[in-house]
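Please open the model in your viewer and keep the selection panel at hand. The tour below goes from one selection to the next and describes what is found at each stop.

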Amino acid sequence: MSADFLYTIEVILNGLMAGVMYSLVALGFVLIFKASGIFNYAQGVMALFAALTLVGIQTGQVPFSHLINAIFGTNVHHFGWQVPTLLAIALTIGVMVVFAIIVERYILHHLVNQEPIILFMATIGLAYFMEGFGDIMWGSDIKTLDVGLPSGGSLWLEEYTLGWAAEGEQYYGMYLDKLDMVASLVAIVLVVSLTIFSQYTTTGRALRAVADDHQAALSVGISLRTIWVIVWSIAGFVALVAGIMWGAKSGVQFSLSLIALKALPVLMLGGFTSIPGAIIGGLIIGVGEKLFEYAIGPMIGGATENWFAYVLALMFLVFRPQGLFGEKIIERV
Amino acid sequence: MSEPLQKMEAASKLLELKHIDLSFGGVKAISNISFDVLEGEVRAIIGPNGAGKSSLLNVINGFYHPQQGEIWFDGKQRHSMKPYQIAYQGISRTFQNIALFKGMSVLDNIMTGRFTHMHKNMLWQALWKGPAEQEEIENREFVEHIIDFLEIQAIRKTPVGRLPYGLQKRVELGRALAAQPKMLLLDEPMAGMNVEEKEDMCRFILDVNDTFGTTIVLIEHDMGVVMDIADRVVVLDYGRKIGDGTPDVVRNDQTVIDAYLGVSH
């Protein structure tokens with residue numbers, strides 16, 4: 001095999017794995033949009049908040065320590081203990097469920113039957129509130145997230161593929177990030193279990209029912225409020241997974257909330273209402289931007305990854321506004 | 001004495017509305033309406049367009065909360081309740097404009113009707129094996145029974161969005177029946193159907209009433225149908241009750257005739 005061919009494969013594989021990371025964020029959007037028709041602007045901040053909380057709990061930080069110190073003149077920062085990773089994750093899930101209950105109780109409940117744009121505005125408010133709240137609660141310094149995930153390139157793969165290139169060509173083996181591979185596995189498990197849950201369980205059926213028709217769902221005894229809490233909890237859980245993966249990759253910092261922006265083109269490709277769409281949209285964008293950068297980037301000065309996804313999304317908006325898998329809106333006249 | 005009247009005397013009141021008032025802002029939809037529904041009867045609500053029939057159904061169903069009046073169901077007075085809680089009390093309904101879960105199969109749609117009978121919590125469901133699976137199988141059996149009853153075996157797996165109108169109405173009836181309700185509310189079950197579909201639907205409604213003993217409250221425009229299948233009829237006009245009694249009594253009532261023929265008020 002020629003080295004060029006192997007490089008291309010490497011680029012595609014890396015693109016797929018980058019795409020998985022985008023999909024993880026997009027997934028949270030789709031879940032909430034399907035169930036309640038709300039475009040949740042706060043999804044990215046939820047991922048940040050979940051990651052902050054996880055690090056905070058894990059390292060035994062005192063929540064609101066800056067606030068407490070400022071008011072009482074004390075100097076507390078740490079409890080002085082370390083919480084085991086699994087326990088910390090479980091506690092963080094608990095925090096996200098409480099968060100879902102609060103969102104339902106104090107925001108959604110008061111905005112039932114309002115225009116989508118109003119609900120959208122409410123989630124923008126929520127996003128900024130959470131950003132500030134996360135700041136006060138856990139501090140604004142950049143934290144490292146260590147949940148025991150492997151990192152760095154896979155040496156095994158590099159050595160294994162070293163001899164693949166044709167003789168006489170320079171080739172140093174394939175470079176794949178271990179963290180990306182783990183993220184891909186986690187994402188696959190997550191999507192499969194979410195799909196099974198929504199297809200084959202009573203609650204899953206209720207979720208789909210609410211997504212389809214609120215009135216009819218009420219009439220068969222489904223409580224919208226309960227379903228919304230469940231949906232926001234699941235979205236919180238997905239945000240936590242995305243937060244862990246992105247946090248482990250590039251540190252837990254406030255720019256983490258901007259990954260939500262990367263999810264937008266994914267959603268435009270995949271459609272806002274389709275879970276498989278979010279995954280495949282993410283993969284297309286991941287592969288597309290890496291391949292474009294590899295093949296065409298050098299000709300036009302590089303740094304195409306910053307804009308490629310958005311241009312692709314723009315083209316989709318023009319030619320196929322419902323996305324690849326979104327429901328086509330047909331209105332009877 | 002005619003047969004429906006005998007049925008009435010033996011039965012007790014399943015639902016009683018007392019002096020119900022409902023308005024939206026300044027518009028009065030229902031004023032001072034009282035009537036009762038006996039256990040096991042087929043009760044029709046009729047009236048010209050805009051008479052407040054659907055509003056009344058929504059009051060019974062808990063979608064609307066009347067400003068005044070009392071609602072008694074199954075011997076207990078109802079205090080303001082959410083629609084989903086009313087489903088747990090044993091009231092199911094269908095809608096005037098079909099409200100099915102369009103993306104889901106016929107089977108799944110009717111399964112959602114079993115929601116009030118499935119109690120295993122989410123953790124069991126997430127595990128899937130064990131109690132949750134057992135519960136699913138039991139309820140599935142009941143749903144298959146309903147599917148047989150409504151003669152829709154052939155379309156069990158079809159997404160309902162693809163079905164013709166008449167069949168969708170039948171699936172919606174199936175979903176309501178799956179809850180094994182004490183009382184079934186049907187909002188224009190025969191609207192937009194052809195003669196054959198209407199006959200089928202009439203047969204199903206009477207069969208439901210006979211075999212399951214379900215009390216039925218229905219809104220219908222087709223007078224012939226109403227006179228055929230209803231035990232008693234309530235007539236509404238401009239949000240007021242203008243007639244109440246057996247089909248024969250109502251048919252010959254002068255106020256009712258005026259309302260339908262459009263005598264000026």
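Begin by selecting chain A, whose elements, followed from the N terminus, run α-α-α-α-α-α-α-α-α-α-α-α-α; the count is 13 helices and zero strands, where helices (H or I, at least four residues) and strands (E, at least two) are DSSP runs, numbered from the N terminus. The radius of gyration of chain A is 22 Å, close to the 20 Å that the globule rule gives for 333 residues, so chain A is as compact as a globular protein of that length; this radius is taken over C-alpha atoms, and the globule rule is 2.2 Å times the number of residues to the power 0.38. Along the principal axes, the C-alpha atoms of chain A fill a box of roughly 70 × 70 × 40 Å.

A word on conventions: this is a predicted model, in which local features need pLDDT of at least 70 and side-chain atom pairs count only at pLDDT 80 or more, while totals for chains, interfaces and linings use all residues. Residues are numbered from 1 along each chain as its sequence is written, and chains are lettered from A and ligands numbered from 1 in the order in which they are written.

Next, select helix H4 (residues 85–106) and helix H10 (residues 224–250) of chain A, which pack at an angle of about 140 degrees with their axes 8 Å apart; axes are lines fitted to C-alpha atoms, for helices over the stretch in contact, and angles run from 0 to 180 degrees between N-to-C directions. That angle makes H4(A) oblique to H10(A), since angles under 35 degrees count as roughly parallel, over 145 as roughly antiparallel, 65 to 115 as roughly perpendicular and the rest as oblique. The crossing of H4(A) and H10(A) is right-handed, the near helix being turned clockwise from the far one by less than a right angle. Among the residues that make this contact are A:Met96 and A:Phe99 of H4(A), with A:Trp228 and A:Trp232 of H10(A); residues are in contact if their C-beta atoms, placed from the backbone, lie within 7 Å.

Move on to helix H11 (residues 259–270) and helix H12 (residues 275–295) of chain A, whose axes come within 8 Å and cross at roughly 115 degrees. The contact of H11(A) with H12(A) has eight nonpolar, four polar and no charged residues, with Ala, Val, Leu, Ile, Met, Phe, Trp, Tyr, Cys and Pro counted as nonpolar, Asp, Glu, Lys and Arg as charged, and the others, Gly among them, as polar.

Now show both chains: 19 residues of chain A are in contact with 28 residues of chain B. On the side of chain A that touches chain B, helix H7 (178–200), helix H8 (202–212) and helix H9 (214–219) each supply at least two residues, and the largest share, seven residues, comes from H8(A).

Finally, select chain B, with its eleven helices and ten strands. Its domain assignment gives domain 1 (1–90 + 183–202 + 215–265) and domain 2 (91–180), bounds that come from an automatic or database domain assignment. The centres of these domains of chain B, taken over C-alpha atoms, are separated by 26 Å. Where they meet, 20 residues of domain 1 of chain B are in contact with 13 residues of domain 2 of chain B; on the domain 1 side, the largest share, five residues, comes from S7(B).

Note on methods. Contact = placed C-beta atoms within 7 Å.
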